[in-house]
Amino acid sequence: MKVICVENEAAVGKEAARLISAMIRLKPDCNLGLATGTTPMTTYNELVRMYKEEGLDFSKVSTFNLDEYIGLDADHPQSYAYFMDEHLLSKVNIKKENTHIPNGKTLRVDRTCSAYDKKIEDRGGLDLQLLGIGRNGHIGFNEPGDKFVAETHQINLTDDTIEANSRFFECEEDVPRTAITTGMRSIMHAGRIVLIATGESKADAVHAMLYGEIIPQVPASLLQLHPEITVIVDRAALAGSSLADSLFSAD
Ligand code: PGA
């Protein structure tokens with residue numbers, strides 16, 4: 001694992017966008033695995049800036065999002081489909097047919113999940129997966145549990161995730177209780193992984209991911225086994241890790 005610690009959220013976004021844009025320039029028809037949430041917003045802002053000011057070309061890029069709430073239409077303002085359009089997909093020259101997000105309104109969840117995995121596999125897998133991390137150590141919506149789940153699947157969201165995500169909804173009762181998430185296989189098979197984390201609320205999860213035992217109770221801990229992962233954090237998210245002492249001792 002390579003860990004890059006930068007000053008703040010904006011710098012995390014710049015660094016992550018730099019790695020993603022390098023992938024797009026090296027392989028214009030790359031498959032990107034994308035994430036939603038507050039953390040990737042600065043990354044997407046920077047990618048949009050690169051498209052507008054530097055001609056970063058998304059015309060051959062394909063994207064596969066990690067997850068979607070079950071029950072929300074793509075045009076629901078809290079759906080992840082809506083989020084992606086708002087923050088990235090409608091702002092760059094990507095082709096709509098090349099963008100993929102699990103269908104939260106499906107009537108056949110099992111079939112939707114297996115078709116999603118097949119689509120990723122048929123396209124040759126993900127070249128780069130962007131990940132956030134939940135404060136409970138989840139990646140995508142792979143919540144802490146008794147085992148790592150390989151395939152795309154339906155998940156019951158934990159109380160902690162429902163509470164954390166309620167900030168996007170009018171009240172906690174409005175947060176969907178279930179979601180579709182890609183599983184650990186497509187994530188772990190990605191050629192490169194870029195994980196971003198900011199703020200002190202993520203410090204425990206980041207510490208457990210970097211130094212903890214590899215256990216399904218901390219889904220992100222499995223990433224220790226990936227050969228090409230870059231973790232980009234701000235100072236607050238690294239607080240409490242022994243890396244922080246060495247990185248900040250020059251101050
Ligand atoms: P956040 O979510 O970026 O909104 O904190 C990250 C995650 O839950 O994976």
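A residue is termed buried when its relative accessible area is under 20%, exposed when it is over 50%, and partly exposed in between, with a 1.4 Å probe and only the protein chains considered. The structure is a predicted model, in which local features need pLDDT of at least 70 and side-chain atom pairs count only at pLDDT 80 or more, while totals for chains, interfaces and linings use all residues. Residues are numbered from 1 along each chain as its sequence is written, and side-chain values use heavy atoms, with hydrogens and water left out.

Tyr 69 has a relative accessible area of 1% and is therefore buried. Tyr 69 belongs to strand E4, which spans residues 67-69; strands (E, at least two residues) and helices (H or I, at least four) are DSSP runs numbered from the N terminus. The C-alpha atoms of Tyr 69 and Pro 102 are 8.7 Å apart in space, and the two residues are 33 apart in sequence.

Two further strand residues were examined. Asn 31 is in strand E2 (residues 31-34) and, at a relative accessible area of 5%, is buried. The side chain of Asn 31 makes a polar contact with the backbone oxygen of Arg 123 at 2.9 Å. A polar contact is a pair of N or O atoms within 3.5 Å; within protein, one atom must be able to donate a hydrogen and the other to accept it, and residues adjacent in sequence count only if both atoms are side-chain atoms. His 153 is in strand E7 (residues 153-156) and is buried because its relative accessibility is 13%. The backbone oxygen of Glu 151 is reached by the side chain of His 153 at 2.6 Å.

The ligand is surrounded by Gly 37, Thr 38, Thr 39, Gly 132, Ile 133, Gly 134, His 138, Arg 167 and Lys 202, where a residue is counted if one of its heavy atoms lies within 4 Å. By class, this shell holds six polar, two charged and one nonpolar residue; Ala, Val, Leu, Ile, Met, Phe, Trp, Tyr, Cys and Pro count as nonpolar, Asp, Glu, Lys and Arg as charged, and the others, Gly among them, as polar.

Oxygen atoms of the ligand lie 2.7 Å from a polar side-chain atom of His 138 and 2.7 Å from a polar side-chain atom of Arg 167. For Thr 38, a backbone N or O atom lies 2.9 Å from a ligand oxygen atom. Of the 280 Å² of accessible area that the ligand has on its own, the protein covers 86% (Shrake-Rupley method, 1.4 Å probe).
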